[in-house]
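Subject: Structure for you to look at

Hi,

Here is the structure I promised to pass on. Could you open it next to these notes and read the two together?

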Amino acid sequence: MSDALTVPVVHLLKAGVLYQSDAPAIWEQIVSQQAAIGDYLGVIGLDIVVDRAEGYAYVRQQELDSRDDGAPVPRLVTRHRLSFPVSLMLVLLRGRLADSDADSADPRLVLTRDDLVEMVRGFLPPRSNEAQLVDQIDAHIKKLVDLKALRQTKQTSAYEVRRHIKALVDAQALNDFNDLLATYRDAASTTAKDDT
């Protein structure tokens, strides 16, 4: 590998998701060397994804089950199995990001901890102990920070929704969730009418 590729490839592999705003010099190297980086990573079964409009790049596993000789290809990029509440929060955050993009010129969406708690509270089973519910949601928020879907800001208890969430939850998944939610609401309202 040429020396020009070493730094951007290492940053991509270490960062998970690399944002233009976080490392402008590395970003410029990635953009200018994207084809060469893609060729290099392809040898080890990885693809580079660069979203210039949103300003982020990441590496993902190629969808190969086996090599040309039939040998299985081991996974280099770890998949994370997410709990229902964390998956739910990802979809809800993606929806909020889409709404923010439609309504605001600001590319950043910042939500407070209270906003996040209120956003997800109605979807989780009620608990007799409100503090336990909030602690549980705090644990889910921490998981989303670990996954880099949220980034804590300098403000106390405020989080920026990261733009690459669009790659994690695409428009089709968002539509499917909204359809499922509409079905759930219809079923709940029918059950409530039947009970009265």
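This is a predicted model: local features need pLDDT of at least 70, side-chain atom pairs count only at pLDDT 80 or more; totals for chains, interfaces and linings use all residues.

Residues are numbered from 1 along each chain as its sequence is written, and side-chain values use heavy atoms, with hydrogens and water left out.

**Overall layout**

The protein has 8 helices and 6 strands; these are DSSP runs (H or I, at least four residues, for helices; E, at least two, for strands), numbered from the N terminus. Along the sequence they come in the pattern α-β-α-α-β-β-α-β-α-α-β-β-α-α. Of the 196 residues, 34% are buried, where buried means under 20% relative accessible area, exposed over 50% and partly exposed in between (1.4 Å probe, protein chains only). The accessible surface comes to about 12,100 Å², and 52% of that belongs to carbon and sulfur atoms (Shrake-Rupley method, 1.4 Å probe; for residues, only the protein chains shown count as cover). Among contacts with a separation of 6 or more, 54% are between residues 24 or more positions apart, a contact being heavy atoms within 4.5 Å.

**The sheet**

Have a look at the open sheet of 3 strands, ordered β4-β6-β5 with antiparallel pairing (two strands pair if DSSP finds at least two bridges between them). β4 and β5 are at the edges with a single partner strand each, so one side of each has no neighbour in the sheet. On average, neighbouring strands are turned by 35° against each other, direction ignored; axes here are lines fitted to C-alpha atoms, for helices over the stretch in contact, and angles run from 0 to 180 degrees between N-to-C directions.

β4 and β6 are joined by 4 bridges. L111 has Y159 of β6 as its bridge partner, and V110 stands opposite E160 in β6. α4 touches β4, β5 and β6, and its direction makes about 130° with that of β4. α5 also touches β4, β5 and β6, but its direction makes about 85° with that of β4.

α4 (residues 84-103) has 20 residues and reaches 28 Å from its first C-alpha to its last, close to the 28 Å expected at 1.5 Å a residue (that is, 1.5 Å times one less than the number of residues). Its buried residues include V86, L90, L93, R94, L97 and S100.

In α5 (residues 113-121), L116, V117, M119 and V120 are buried. They cover an arc of only 165° around the axis, which puts them on the same side of α5; the arc is that of the directions from the helix axis to the C-beta atoms. That buried side packs against α4, β4 (109-112), α6 (130-146), β5 (150-152) and β6 (158-161), whereas the face turned away from it carries the exposed D114 and E118.

R162 is in the loop between β6 and α7 (165-168). R162 is buried, at 4% relative accessible area, and among the residues it touches are Y19, D22, L97 and A149.

A149 sits in the loop between α6 and β5 and is buried at 1%. A149 touches L90, L144, E160, V161, R162, H164 and I165, leaving aside residues up to four places away in sequence. A149 and E160 are 11 residues apart in sequence and 8.5 Å apart in space, C-alpha to C-alpha.

Lastly, L41 is in helix α3 (residues 34-43) and has a relative accessible area of 0%. L41 touches V9, L13, L46, I48 and V59, again not counting residues up to four places away in sequence.

Cheers
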